[in-house]
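Subject: Structure handover

Dear colleague,

Here is the structure I said I would pass on. Please look through it before reading the notes.

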Amino acid sequence: MVIEVKSSFKKKLREALKGILNENEMKFLPSGFQQIGTIVILNLKNQLWKNKKVIAEAVQNIVSNCDAICLNKGAIYSQFRTPQIELVVGKSTETIHKEHGTLYKLDVSKIMFAKGNINERKRYPKLVKENEIIFDFFAGIGYFCLNIARLANPKKIFAFEMNPIAYNYLVENIQINKVSDKIIPILGDCKTEALKIKEKADRIIMGLLPSPKDALPTAFQVLNPEKCIIHYEGLLRDSDPPEILLEDVSSINKEMNKKAKLDHIEFIKSYRPHVNHVCLDILVN
Ligand SMILES: C[S@@+](CC[C@H](N)C(=O)[O-])C[C@H]1O[C@@H](n2cnc3c(N)ncnc32)[C@H](O)[C@@H]1O
C-alpha cells in the first residue's frame with residue numbers, strides 16, 4: 001500500500017493524543033495515511049491496535065473530507081484481490097474516488113484500489129489509437145478501461161471481471177462515467193469468456209499480480225494476428241533482466257514467441273524490497 005506522508009500529520013496526531021497515549025506508544029504512530037474518496041486507511045503497528053478507536057477519532061478530526069477511518073490489517077493475496085480492511089470509525093466503507101477526472105465507486109473493505117498504480121491508469125489512454133478493439137482481462141471496477149474510454153477513442157473495450165462484487169461496481173462506474181457506448185462489461189473468467197467474442201483484440205490488458213500467465217493461451221487465441229499490443233504485468237527482482245518475464249510467452253507457445261517482441265517496460269511501483277511491479281508492453285505481429 002502506498003502511504004502518503006502528510007508533513008504535519010504526525011505532529012497534529014501527537015498533539016491530539018497527548019495524555020491518552022504514553023511516550024512509547026507515540027513512537028509507533030503512523031506518519032501518513034492513504035485516502036480513497038472520503039475514506040482514510042491507516043496502517044497501524046500491532047502495538048497500537050488496542051488504541052485504534054481513539055487514534056481513528058483523532059485522525060478524523062485532522063483530515064478534511066473524510067467520513068470513515070479504516071485499518072489495513074494485512075496484505076492482499078486472494079484471487080479476487082480482496083483487501084483486509086476493518087472499519088473503525090464511520091458508517092460505511094463505500095465511497096467514490098476521483099482520479100484524472102474519472103470516478104471510481106467502490107467498497108474499500110471488499111475491493112482493492114492501488115493508488116500506486118496511478119501512472120499506469122494515466123498511461124494507457126495516451127497509447128490507445130482511434131477505433132481499437134481492447135480486451136481488459138482483469139477489469140476489476142474499471143481501473144484501466146474507464147480512463148481509456150473517457151480519454152481516448154477506442155471502438156470498444158470488452159472488460160472481463162469474475163468477482164461479482166467488483167463486476168457490479170464496474171457496471172455502475174461505466175454508467176457514472178457515461179461510457180456505456182464504449183465498454184462492454186462481462187462477468188466471468190477471461191480465460192473462457194474472451195474466447196466467445198467474435199472481434200479480435202488490437203490491445204490486451206493483463207493486469208493481475210503476481211502474474212497473469214495462466215491467461216496467456218487465451219490472449220494468443222483472441223489477438224489480432226496482424227498486430228496486437230499485450231500489456232503484461234508481473235513482478236521483477238532488481239537483479240532480473242525484464243526479458244525474464246518474456247519467457248512466460250516462450251514457455252507457453254514457441255510459435256508466438258517468435259512473433260512477440262518487447263516494445264517497452266514500465267516500472268509501476270516497488271512491490272516489496274528488491275521486487276518491482278512492472279508492465280511489459282509486448283508487441284505481437
Ligand atoms: C484488482 S485487479 C488488478 C487491477 C490493476 N492491476 C490494479 O492493480 O489496479 C484484478 C482483478 O482481476 C479479477 N480476476 C482475477 N482472475 C480473473 C479471471 N481469470 N478472469 C476475470 N477476472 C479475474 C479479480 O477479481 C480482480 O478484480
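The notes below go from the whole chain to single residues.

This is a predicted model, in which local features need pLDDT of at least 70 and side-chain atom pairs count only at pLDDT 80 or more, while totals for chains, interfaces and linings use all residues. Residues are numbered from 1 along each chain as its sequence is written, and side-chain values use heavy atoms, with hydrogens and water left out.

Overall form

The chain has 10 helices and 14 strands; these are DSSP runs numbered from the N terminus, with helices being H or I of at least four residues and strands E of at least two. The chain is as compact as a globular protein of 285 residues, because its radius of gyration is 21 Å, close to the 19 Å from the globule rule. That radius is taken over C-alpha atoms, and the rule is 2.2 Å times the number of residues to the power 0.38. The C-alpha trace spans about 70 × 45 × 30 Å along its principal axes.

Of the 285 residues in the chain, 52% are buried. Buried means under 20% relative accessible area, exposed means over 50%, and partly exposed is in between (1.4 Å probe, protein chains only). The chain exposes about 13,700 Å², and carbon and sulfur atoms supply 51% of that area. Accessible areas come from the Shrake-Rupley method with a 1.4 Å probe, and for residues only the protein chains shown count as cover.

Among the contacts in the chain with a separation of 6 or more, 63% are between residues 24 or more positions apart. A contact means heavy atoms within 4.5 Å.

On charge, the chain has 42 positive and 33 negative charges, and their mean positions are 4 Å apart. Lys and Arg count as positive and Asp and Glu as negative, without His and the chain ends. Each charge is placed at NZ of Lys, CZ of Arg, CG of Asp or CD of Glu.

Domains

The chain is divided into domain 1 (4-92) and domain 2 (115-284), with bounds from an automatic or database domain assignment. The C-alpha centres of domain 1 and domain 2 lie 33 Å apart. Their contact takes 7 residues from domain 1 and 6 residues from domain 2.

Helix α9

Helix α9 covers residues 243-252, and L245, L246, D248, V249 and S250 are buried in it. The cover over these buried residues includes α8 (216-222), β12 (228-237), α10 (254-259), β13 (260-272) and β14 (275-284).

I134 sits in strand β8 and is buried, at 0% relative accessibility. Beyond residues up to four places away in sequence, I134 touches V128, I148, P154, K156, I157, F158, R203 and I205.

G142 lies in the loop between β8 (133-136) and α5. G142 is also buried, at 0% relative accessibility. With neighbours within four places in sequence left aside, G142 is in contact with Y104 and L170.

K155 is in the loop between α5 (145-151) and β9 (156-161). Is K155 buried or partly exposed? K155 is partly exposed, with a relative accessible area of 49%. Apart from neighbours within four places in sequence, the contacts of K155 are N131, E132, I133 and K182. K155 and K10 are 145 residues apart in sequence, and their C-alpha atoms are 48 Å apart in space.

Backbone points to check

A cis peptide bond joins L209 and P210, with omega about 5°. P210 is in the loop between β11 (203-206) and α8.

Two residues have positive phi. N65, which is not a glycine, has a phi of about 55°. N65 is in the loop between α3 (52-62) and β4 (68-72) and is exposed, at 58% relative accessibility. H274, also a residue other than glycine, has a phi near 70°. H274 is in the loop between β13 and β14 and is exposed, with a relative accessible area of 58%.

Regards
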